[in-house]
Amino acid sequence: MIFFHWIAGTILALAWFSRIVDAALGMPSVADVSRPEWNRNPVLPAGNPRVSIIVPARNEEETIEKALRTLLALDYDNYEVIAVNDRSTDRTGEIMEKLAAESSAASGAISEKKTAPPLSRILRNAGNLRVIHHTELPPGWLGKTHAMWTAAKYATGDWILFTDADVLFKPDSLRRALAYAEAEPADHVVLFPRMIMKRPGEYMMIAFFQTMFMFGHRPWKVADPSTDDHMGVGAFNLVRRQVYESVGTYKALRMEVLDDMKLGKVVKKSGFAQRNVFGGDLISIRWAHGAFGVVNNLTKNFFAVLSFQWWRTIISAAGLAYLNYGPFLGTFLAHGYARIPYAIALGSMCLIYLGMSWRSSVPPYYIVLHPVSTTLFIYTLLRSMFLTLRDQGIVWRGTKYPLEELRKGMV
């Protein structure tokens with residue numbers, strides 16, 4: 001038994017300690033565009049490039065107005081916002097129209113675009129906001145990817161920023177990110193949002209998610225063209241227009257549930273310069289309400305992360321259990337010196353939580369709830385697999401997408 005503990009503990013110690021050392025050395029290389037040096041206008045060679053901000057929304061009446069108002073208040077002077085009402089059954093479209101009318105009244109008259117695609121109509125404004133209304137979804141598309149693809153066809157910007165309908169922007173957020181992108185120079189910039197958390201369950205679950213995300217997607221390696229590490233975040237994917245078109249636009253990702261990460265993947269795989277940056281509270285989002293809000297949000301995604309393969313899901317669940325329960329159990333169940341490797345692993349986990357607390361509002365003492373969040377995440381993983389296989393597809397925003405089509409459309 002002592003030999004078993006030494007082997008199991010050493011593997012855990014190496015896994016966790018190596019990651020904390022890697023992060024300690026690498027994370028300082030990830031820029032923070034909220035710092036004073038990025039409080040400037042975009043620099044040469046592009047000068048003052050135009051940005052098209054695309055906001056897909058389906059049944060987002062609770063968040064869409066506030067989100068769009070923060071976009072319309074950006075302090076950059078060369079951008080447009082294209083909001084897509086994707087078959088909403090609530091007041092989302094009505095709210096968009098109201099804001100478009102306000103934007104137009106502030107800067108000119110409204111004119112109708114006559115070349116709208118057959119499944120939508122577009123309201124073009126002399127102001128910063130344009131609205132597209134989708135009434136149907138063509139076969140072979142997810143609603144969100146179709147909405148973003150359609151909007152991008154009408155975009156006039158040198159850069160395209162894909163964001164979500166519940167993200168709040170500070171006035172200088174775009175200007176700072178664009179200044180960094182042009183100075184670097186970068187082809188794709190991901191700005192990490194500040195997570196708004198109000199309940200203990202949210203802190204607990206998001207802390208675990210961030211820990212595992214760092215384990216699987218090393219942000220400090222994204223800029224290295226020799227690695228496969230890539231990044232994409234639905235809240236802020238800023239990509240050069242010519243790069244977006246070079247990788248096949250969202251038409252190449254039309255059935256991708258993980259569209260944001262897969263956009264980052266195809267950009268990196270195509271050899272373009274990708275960067276991810278911190279930004280303090282330049283952008284923020286309330287991702288979920290309570291612990292089970294996180295569970296519900298991730299249920300759609302987790303089986304897709306594992307390519308809809310049940311055996312990978314089972315192995316991943318076992319791996320999560322070993323990696324996250326092991327340091328706690330071993331520290332308390334092993335005897336004598338056999339506790340040392342477990343203690344190293346657990347100490348490394350504590351340091352990761354401490355490091356995260358410097359970048360987010362999660363207090364480091366939430367490490368004590370790590371076993372609880374592990375249990376919920378394993379449950380989410382298995383739930384995602386079970387529901388997808390049972391229903392032979394996923395239901396997302398009221399639309400069912402067949403599993404066979406999702407598998408065929410994976411990148």
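**Cavities and cores: a tour**

The largest cavity in this structure holds about 40 Å³ of space. The model is a predicted one. In total, 2 cavities reach 30 Å³ or more.

**Stop 1: the largest cavity.** Select K144, M148, F162, T163, D164, V233, G234, N237, Y250, D259 and D260; these residues form the lining. Now colour the helices. Helix α4 (143-154) and helix α8 (259-269) each give at least two residues to this lining. Colour by class next. The lining of the largest cavity counts 4 nonpolar, 3 polar and 4 charged residues.

**Stop 2: the second largest cavity.** Here the space is about 30 Å³. Select M255, E256, V257, K262, A304, F308 and M410 to show its lining. What is the class make-up of the lining of this second largest cavity? There are 5 nonpolar and 2 charged residues, with no polar ones.

**Stop 3: the largest nonpolar core.** This core has 93 residues. Pick out V51, I53 and L68, the members that touch the most other members. Then select helix α6 (residues 200-216). Its 8 residues are the largest share of this core.

Stay on V51. Which residues does V51 contact, leaving aside neighbours within four places in sequence? Show Y76, N78, Y79 and E80, then G157, W159 and L161, and finally L174, L178 and L238.

**Stop 4: the second core.** A separate core of 21 residues has I54, A147, F162 and V239 among its members. Keep F162 selected: this residue belongs to the second core and also lines the largest cavity.

Notes. Residues numbered from 1 in each chain as written. Predicted model: local features only at pLDDT ≥ 70, side-chain atom pairs only at ≥ 80, totals over all residues. Heavy atoms only, no water. 1 Å grid on protein atoms, 1.4 Å probe; cavity = no way out; pocket = protein on both sides within 12 Å on 5 of 7 lines; lining within 4 Å. Points joined across faces, edges and corners; volume = space filled by probe spheres on them. Helix = DSSP H or I, 4+ residues; strand = E, 2+ residues; numbered from the N terminus. Nonpolar A, V, L, I, M, F, W, Y, C, P; charged D, E, K, R; others polar. Core = buried A, V, L, I, M, F, W, Y, C linked by side-chain atoms within 4.5 Å. Buried < 20%, exposed > 50% of the residue type's maximum accessible area, 1.4 Å probe, protein only. Contact = heavy atoms within 4.5 Å.
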